[in-house]
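Thank you all for making the time this morning. I would like to go through one structure with you, starting with the chain as a whole and ending at its contacts.

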Amino acid sequence: MKLTKLAAFAVAAVVAASPVLADLEFPSISYRTGPFGANGAEVADGFSDYMTLLNERDGGIGGARVNAVECETGFSAEKTLECYEATKGNGALVYSPLSTAATYQMIPRVTADGIPLLSMGYGRTSVSNGDVFSHIFNFPGNYWTGASVIVNHLLDINDGSLEGKTIALAFHNSAFGKEPIRTLETLGEMHGFDLTLLPIDSPGQEQKSQWLQIRREKPDYVLLWGWGVMNQVAIQEAANIRFPMENFIGVWWSGSDNDVIPAGAASDGYKAVTFHAVGSDFPVFADIQKYVTDAGLSAGDGGNVGTVLYNRGMYQAVLMSEAVKVAQAMHGTADITAAMMRDGLENLVITDDMMEAIGLKGFGPNFEVSCANHGGPGLGAIQQWDAETQSWSLITDFGAPDMDVIAPLIAADSAAYAAENEIASQCN
Amino acid sequence: MLYREAGDFKTSYGKDSQTFPLKFDRWAYWLLLVVAFGVVPFFINDYWLNAVLLPFLIYAIAALGLNILSGYAGQISLGSGGFMAVGAYSCYKLMTSFPDVSIFFHVIISGLITAMVGLAFGLPSMRIKGFYLAVATLAAQFFLVWLFNKVPWFFNYSASGQISAPERTVLGYAVTGPLATAPAKYLFCLVFVLLLAWMARNLTRGSFGRKWMAIRDMDIAAEIIGVNPLSAKLSAFGISSFYIGISGALIFAVFLGAVDVNDTFSIQKSFLILFIVIIGGLGSILGSFIGAAFLVLMPVLLKNIMVGQLGWPSDLAAHFEFIIVGALIIVTLIIEPHGMAQVWRLTKQKLRLWPFPH
């Protein structure tokens, strides 16, 4: 007994000491503290748990182990920069700062350093134009497709016409919240609805006056572009003025479990757009339970598994690891670099078979990334909260946004960026 | 033994009133400059630049500015974050409107614009003092941040309301934008720190500084002996805002490269700079540097020790960081209410006597 233990130990020591493949570095720029910490922690848990699962179950990706080290930012741009500088030298493959402000700041830096950045459903929308933004990806959805999917949903439930309706947008008064305005204004002109803008200053605990205005003006629908503590307050305030919850629709960052639970039964019927499925009814969660949670390796306390934001963090890890596989196949090596990772992301194709192999059949839409389109098709669905069962359910299929409206906006914004920074076309 | 006046004869008035009366200090000062200008640029990398040196240098400038206002002239201000935003947005407008002008001049002009804004918000100091003035400057903080969020002209009508710094050069070397090298950015900020610290030192021990200190110690008495409170207080506000504006312009253009006004120039920033000044030492040039090092670099050091060396989870380390920095602030203020600069002053006195204290 003792000998076998000793032998096992010796083998382990030899394995540890022998020169193995370098790890695949995935710095996890996360925030578990501050006003956005409750939401940031769930995303970080999902990301980290899936990476741990890959290590424990498959021994990494394509034989190379994954190293996902967290770096805490507290949602501050300065600390994000520090985290970036601290990790980029270790062979970081891809960044994902989970903050629109930080993404704006990192776009020129990562491009100059040749490291890709995946801003999944946040960041600068026009990075979908890969012709200008060579290293930045924002598949499978972005703010403008999200806004358009919401408007499409509203069109659906109003028999195809929003003529004369009023829509209020309560948004975090920052780059993040301001992103959808341009699209919503254009869509408003097209479909004939009035848009009221209600900026809410960060972090968003104080929004009495905005809700007073909503109470006075009685808009038909309220859209919420919030994050962290702002969502909980907004949903509570909406409940306080008895605003009908089914007319209150959030972006995907305003539709997580801990946004709606504090308002209790009053939040029943609240809707949000999403680009991936909800719940823990997928085979991959059994593996996470077995290899990660039960083994005591979860990043958090294990209680977040299956929540909306946990799923999103996991989905991000899934897409990144699939891109690694693409890169490994393209370049014939398991030990890929950031430049190869960029190629992997750019040639990523997600199909039903792939999702089924991962154990996530029907979790997210199929899409294809290309040099010109770093954003995917931007499909989105609407989820609704049921306060009684404490669960979200998808009430629509994944639908396409109105790309006729969004594509010109993306082209215009990225052209402005290209002109400002003298960027030549990347794809030809 | 080494640290003493003996044998160091002052034979002119100039020598008698020099900043560093001790030969040892003068040597240390020149050595520091040689290292900072001649050695560091050859070894600096992006991590040291962006995590350590740039924040230290830039916050030191802001602290010098607030120290002139609060430490020397005794006017409490909570508007530093707002004034930094003025510097940053002026710099952005100048950079994008006059792309061919050297960024050096843009930064200086941003400082001057901030000085004008500071003068305007300094006017209430004629009538109100102390806490009431602090609240009035708080209004500046909120008003300015609101303004830069509200008026699209300031951010050139960009969709997100963010401003990002395009590449601009000094003497052909890029100091802003993603392609600027670490030594270029570092030297650019270092030159500003040196010039501004030298100017602050000479202002504070000249007639300006004497007037400020007279107003700080007792404004009625100062007025009776012939100090004009209007010019003294307004000059303190103007010069202080000039410094803070320059630091804001540097934070935006050189350090972060893109700025969201709510995130970077919030009330937190005003508090941070006030704490730097209080911890470092009110009314001390050196204190501004020590305070900046303490409050800006200590968290980075603690993080590296706890996460990098001890391998703690990053959120636990972040919480501990708050606790440790907070505890250190309280302990420092109890042990030495006059700040770290006073500790250095006492050390110097002891050193002069060492090793024969009696």
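What percentage of the 428 residues in chain A do buried residues make up? The figure is 57%, where a residue is called buried if 20 or more other C-beta atoms, placed from the backbone, lie within 10 Å of its own.

Before I go on, please keep in mind that this is a predicted model, in which local features need pLDDT of at least 70 and side-chain atom pairs count only at pLDDT 80 or more, while totals for chains, interfaces and linings use all residues. Residues are numbered from 1 along each chain as its sequence is written, and chains are lettered from A, with ligands numbered from 1, in the order in which they are written.

Chain A has a radius of gyration of 22 Å, taken over C-alpha atoms, which agrees with the value near 22 Å for a compact globule of 428 residues, the rule being 2.2 Å times the number of residues to the power 0.38. Its secondary structure comes to 15 helices and 15 strands, which are DSSP runs numbered from the N terminus, helices being H or I with at least four residues and strands E with at least two.

Let me turn to a sheet in chain A. Seven strands form an open, mixed sheet in the order S8-S7-S9-S10-S11-S14-S15, and strands pair here if DSSP finds at least two bridges between them. Strands S8 (194–200) and S15 (391–394) of chain A stand at the edges with a single partner strand each, so one side of each is left without a neighbour in the sheet. Within the sheet, S7 (residues 166–172) and S9 (residues 221–225) of chain A pair in the parallel sense over five bridges, and A:Ala168 stands opposite A:Val222 in S9(A).

Now to the domains, whose bounds come from an automatic or database domain assignment. In chain A, domain 1 covers 23–141 + 279–376, and domain 2 covers 143–274 + 380–407. Between them, 17 residues of domain 1 of chain A are in contact with 21 residues of domain 2 of chain A, contact meaning that the C-beta atoms of two residues, placed from the backbone, lie within 7 Å.

Finally, what does each chain bring to the contact between chain A and chain B? Chain A gives 34 residues and chain B gives 28 residues, and on the side of chain A that touches chain B, H4(A) gives the most, with seven residues.

Definitions and conventions
Buried ≥ 20, exposed ≤ 12 C-beta atoms within 10 Å, placed from the backbone.
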